[in-house]
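Thank you for asking me to look through this model with you. My comments are set out as numbered points, to be read with the structure open.

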Amino acid sequence: MEMKSVTRSLRILEAVAQHQPVTVGELTKLFGLPKSTVQRTLVTLNEAGWLRANRKDTTRWEIGARVLAVRPAALQGSSLFAAARDPMIRLRDALNETIHLSVPDALHAMVVVDRVDCDQAVRTFHDIGDTSPLHATATGHAILAHLPAADVVELVEQGLESYSESTPTDPAELRTELKRVRADGYAVNRNQYRPDICAIAAPILDEDGTPLAAVAVSMPDSRYSAAQVPDWGRLVTDTATEIAARRLGT
């Protein structure tokens, strides 16, 4: 009975990935199962991080970013991955630092789904599937700056954990930083999450302004230069804009 339940869960997960965003009713018709069974399975997969409610229509379900963490190759056929790869390589060549692409798992975390390495002897490294908090990272700030205010309130109410002396744990400080990100177009992280690691990130926006992902350059603190941040920020922002346009075929 337990194996049958696992098999059913995997089939529903596959169906959501194929038809997303999809409703409970649509899945019920597809599998011929009781609505309560499908709903219970969806909730279980959601609690485990495999599925999530669609942000625009919470009655519809879609796969969570953690699916990509386990199987990053699943992203390779997507318009986002295809659009991002070449611009990320060009950004790496321009800066000779590590470039990574991250997507939000709702408000839970940012998930690294692609990476382009540099040839520096000392460099940052992000495993595909690595997760990090939104409030303590440049990629997270790039996303948060373009989410509805209610989402930021929800994140703040969950508590802003401190990871270093630089982590923004005061809600007012975080909101001020997000305002700056919206104005400048890019976010900066200097040792806010991991010691001696800095990053500059920009959001990749959908046509309606929804943040889909963030592209970032990261480097050891020893190579960080405040004077160069505006130039780095422009390059990262231009890369994010190019990825968004390529994804939409423009």
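1. Basis of the note. The model is a predicted one, in which local features need pLDDT of at least 70 and side-chain atom pairs count only at pLDDT 80 or more, whereas totals for chains, interfaces and linings use all residues. Residues are numbered from 1 along each chain as its sequence is written, and side-chain values use heavy atoms, with hydrogens and water left out.

2. Helices α5 and α9. Helix α5 spans residues 79-95 and helix α9 spans residues 229-247, and their axes come within 8 Å of each other and cross at roughly 155 degrees. This makes α5 roughly antiparallel to α9, a label for angles over 145 degrees, where angles under 35 count as roughly parallel, 65 to 115 as roughly perpendicular and the rest as oblique. The axes are lines fitted to C-alpha atoms, for helices over the stretch in contact, and the angles run from 0 to 180 degrees between N-to-C directions. Helices (H or I, at least four residues) and strands (E, at least two) are DSSP runs, numbered from the N terminus.

3. The contact between α5 and α9. The crossing of α5 past α9 is right-handed, the term for a near helix turned clockwise from the far one by less than a right angle, with anticlockwise giving left-handed. On the α5 side, the contact includes Leu80, Met88, Leu91 and Leu95, and on the α9 side it includes Trp232, Leu235, Val236 and Ile243; contact here means heavy atoms within 4.5 Å. By class, 12 nonpolar, two polar and five charged residues make up the contact of α5 with α9. In this scheme Ala, Val, Leu, Ile, Met, Phe, Trp, Tyr, Cys and Pro count as nonpolar, Asp, Glu, Lys and Arg as charged, and the others, Gly among them, as polar.

4. Helices α2 and α3. The axes of α2 (residues 24-31) and α3 (residues 35-47) come within 9 Å and cross at roughly 120 degrees, and this crossing is right-handed. Val24, Leu27 and Thr28 of α2 are in contact with Lys35, Val38, Gln39 and Leu42 of α3. The residues of the contact of α2 with α3 comprise four nonpolar, two polar and one charged.

5. Helices α7 and α8. Here the axes come within 11 Å and cross at roughly 145 degrees, again with a right-handed crossing of α7 and α8. Val152, Val153 and Val156 of α7 make the contact with Pro171, Leu174, Arg175 and Leu178 of α8. By class, the contact of α7 with α8 has six nonpolar residues, no polar residues and one charged residue.

6. Around α7. Asp151 has its place in helix α7 and counts as buried, at 11% relative accessibility, where buried means under 20% relative accessible area, exposed means over 50% and partly exposed lies in between, with a 1.4 Å probe and protein chains only. Leaving out residues up to four places away in sequence, Asp151 touches Arg55 and Leu107. Gly159, in the loop between α7 and α8, is partly exposed with a relative accessible area of 42%. Gly159 and Pro171 are 12 residues apart in sequence, and their C-alpha atoms are 9.3 Å apart in space.

7. Aromatic rings. Rings of Phe, Tyr and Trp (its six-membered ring) pair if their centres lie within 6.5 Å, with planes under 30 degrees apart counted as stacked, over 60 as edge-to-face and the rest as tilted. By this rule there are two aromatic pairs. The rings of Tyr163 and Tyr193 have centres 4.9 Å apart and planes at 80 degrees, so this pair is edge-to-face. The pair links distant parts of the chain, 30 residues apart, with Tyr163 in the loop between α7 and α8 and Tyr193 in the loop between β7 and β8. Tyr163 is partly exposed at 31% relative accessibility, whereas Tyr193 is buried at 14%.

8. Backbone details. Gln20 and Pro21 are joined by a cis peptide bond, with omega about -10 degrees, and Pro21 lies in the loop between α1 and β1. Asn96, which is not a glycine, has a positive phi of about 50 degrees; Asn96 is found in the loop between α5 and β4 and is partly exposed at 25% relative accessibility. Ala106 also has a positive phi, near 50 degrees, and is found in the loop between β4 and β5, where Ala106 counts as partly exposed at 22% relative accessibility.
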